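Please open the structure in your viewer and keep the sequence beside it, so that each selection can be followed in both.

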Number of protein chains: 2
Amino acid sequence: MNIGLDMMGGDLAPLEAVKGVQQFLTEENSSAVLFLIGDQSKTEPLLTEFNFPVDRVKLIHAEQVIDMHEHPTKALKEKQKSSIAVGFHLLASGKTDAFISAGNTGAMLVGALFSIKAIKGVLRPTISTIIPKENGATGILLDVGLNADCKPEQLNQFAVMGSVFAKMILGIENPRVGLMNVGEEEGKGNILTQATFPLLKENKHIHFIGNIEGRDVLMDKADVMVCEGFTGNIILKLAETLYEITQRKNIQHEYFDRFNFEIYGGTPVLGVNKPVIIGHGISHGIAFKNMIVLAQKMIEKKVMEKMKEELQ
Amino acid sequence: MNIGLDMMGGDLAPLEAVKGVQQFLTEENSSAVLFLIGDQSKTEPLLTEFNFPVDRVKLIHAEQVIDMHEHPTKALKEKQKSSIAVGFHLLASGKTDAFISAGNTGAMLVGALFSIKAIKGVLRPTISTIIPKENGATGILLDVGLNADCKPEQLNQFAVMGSVFAKMILGIENPRVGLMNVGEEEGKGNILTQATFPLLKENKHIHFIGNIEGRDVLMDKADVMVCEGFTGNIILKLAETLYEITQRKNIQHEYFDRFNFEIYGGTPVLGVNKPVIIGHGISHGIAFKNMIVLAQKMIEKKVMEKMKEELQ
């Protein structure tokens, strides 16, 4: 198993990426080979310093870097030797089985769509977030920003992809799907959710439990929470601030610690043919390690293949 | 000044409503007369027990009650002697200057629209919520559920109404208006926010500071946060659970105490011709008292008149 990792992505690259690699190699019982993609002059000294086993890491030189604020499509086209472009070349050609970057999110998405492409029949890929439930359980919310405007059919596909992820990665047996809405009863909501409800209800690939509300997001009501990317993005970013606020206000509690999204690593792009994981710009070592762990799990469990089956 | 109060609205009526009246009469230096509307057989014994000064309260008999789950329009039509219907009759005829109820939200909205009507030019009234900011400041978010689908022109009006409320009731000098969105830059967002941005930018009645994101909701970035009622409702209900969770988990902090929405009383309906305030179904005495205080302030400051001016 070969996992590609962009060493130049994120504000703290490449040092934190290297630290993540170290944590993965020392803490995880794995035989995965890591393809470390980045500027040799910057990564090689670090790799020498950290003294990684040569059979577990492979340095891939990429002389360019796509900055965080570059235009995704333009940058990918013009910077074919960037770490992100090289990462996707390796993935598309089969040399790696997954690709991870904490770099330019847009470039990662465009790269995924143009190199490994969306799963046949998928209208649009999606990104999700882990939601820590009050009772200790873990849910998944999607879409969280890739698709600000959605059609009912897209939400229906998000429900399927989210269910596969919840089952295979989060280990939830028969994940309950809830439609994010402003009321519980069928018929409530905006035009989109009103049109989506019947699709979810009829979908035999999911276990739909009906509408859920804002008050249910942190409760153990639905495991897979489906919405368009506008609402999802706002919920995600609001949830992220909860951890920051409790840190700043010195409020110590294990529940709020679970809102430290670094512990989940990054978010996988669901609906494309191979595992692609996007990290937060300020990812530290732990986040990189967790993204590698997630990539490994997604490869092992054949998550993308399972999604293809369920989406037929 | 006469303020109408539905004694039968809410799960804890009429006792908690009576307690709220008592708190208002004893704690507030006011000369407002309270019109207590409800079933005489249920309210009179309580009023006698609490021994309110006769010049400050006026009992108005209403033999019917609209239940929480009745269909608003149907119930209002058929129950002309319900406390909500009587409350709006008093308000529309000028016998009272404001009306408060913790009863059926839909009936309150329908009643407001049909009796005192929307301010001329207002496409749709709106309801808002107070948002406690991390630094101790207070913001307002609107719409929070009345309008699940919105047009850009509606959001533009919400911005004006929210600004007037923030200025006159929250005492914020030149309230900063932010458009809830998924990115900071102009041009980001869904179809609705992309179309709304230029309207807000050109609106001379508000101080527009641009897009805000989920991470800004609890930060002191914008005082007036504008969105359609779908997103707003989900944010509100999510925020409400924060207080409940911290209570259940025994996390004590003054910041989270501010998410106890009872301290704000209820939400005013903005965009109608007179002050109408809707309380939460489980309102306690303190919530009723705070709603009376808010109604009084809205009457004194002529908030509705100011909105009319600003919306021209």
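Leaving aside its neighbours within four places in sequence, which residues is Met225(B) in contact with? Bear in mind that this is a predicted model, then select Met225(B) together with Ile131(B), Gly139(B), Leu141(B), Gly178(B), Met180(B), Ile212(B) and Val217(B), which are the residues in contact with Met225(B) once those sequence neighbours are set aside. Met225(B) is also one of the residues that touch the most other members of the largest nonpolar core, a set of 190 residues, and Val226(B) and Leu5(B) are among the others.

Next, select helix α7 of chain B, residues 191–202, and colour Leu192(B), Thr193(B), Thr196(B), Phe197(B) and Leu200(B), which are its buried residues. They lie on the same side of α7(B), because they cover an arc of only 135° around the axis. Turn to the other side of α7(B), and there you will find Ile191(B), Pro198(B), Lys201(B) and Glu202(B) exposed.

Now show the strands of chain B, where an open sheet of 11 strands with mixed pairing has the order β3-β2-β1-β4-β11-β10-β5-β6-β9-β7-β8. Its edge strands are β3 (57–61) and β8 of chain B, each of which pairs on one side only, and the twist from one strand to the next averages 25°.

Finally, bring back α6(B), which packs on the sheet and touches β5, β6, β7, β9 and β10 of chain B, its direction making about 160° with that of β9(B).

How values were computed. Residues are numbered from 1 along each chain as its sequence is written. Chains are lettered from A and ligands numbered from 1 in the order in which they are written. This is a predicted model: local features need pLDDT of at least 70, side-chain atom pairs count only at pLDDT 80 or more; totals for chains, interfaces and linings use all residues. A nonpolar core is a set of buried Ala, Val, Leu, Ile, Met, Phe, Trp, Tyr and Cys residues joined through C-beta atoms within 7 Å. A residue is buried if 20 or more other C-beta atoms lie within 10 Å of its own, exposed if 12 or fewer, and partly exposed in between; C-beta atoms are placed from the backbone. Two residues are in contact if their C-beta atoms, placed from the backbone, lie within 7 Å. Helices (H or I, at least four residues) and strands (E, at least two) are DSSP runs, numbered from the N terminus. The arc is that of the directions from the helix axis to the C-beta atoms. Two strands pair if DSSP finds at least two bridges between them. Axes are lines fitted to C-alpha atoms, for helices over the stretch in contact, and angles run from 0 to 180 degrees between N-to-C directions.
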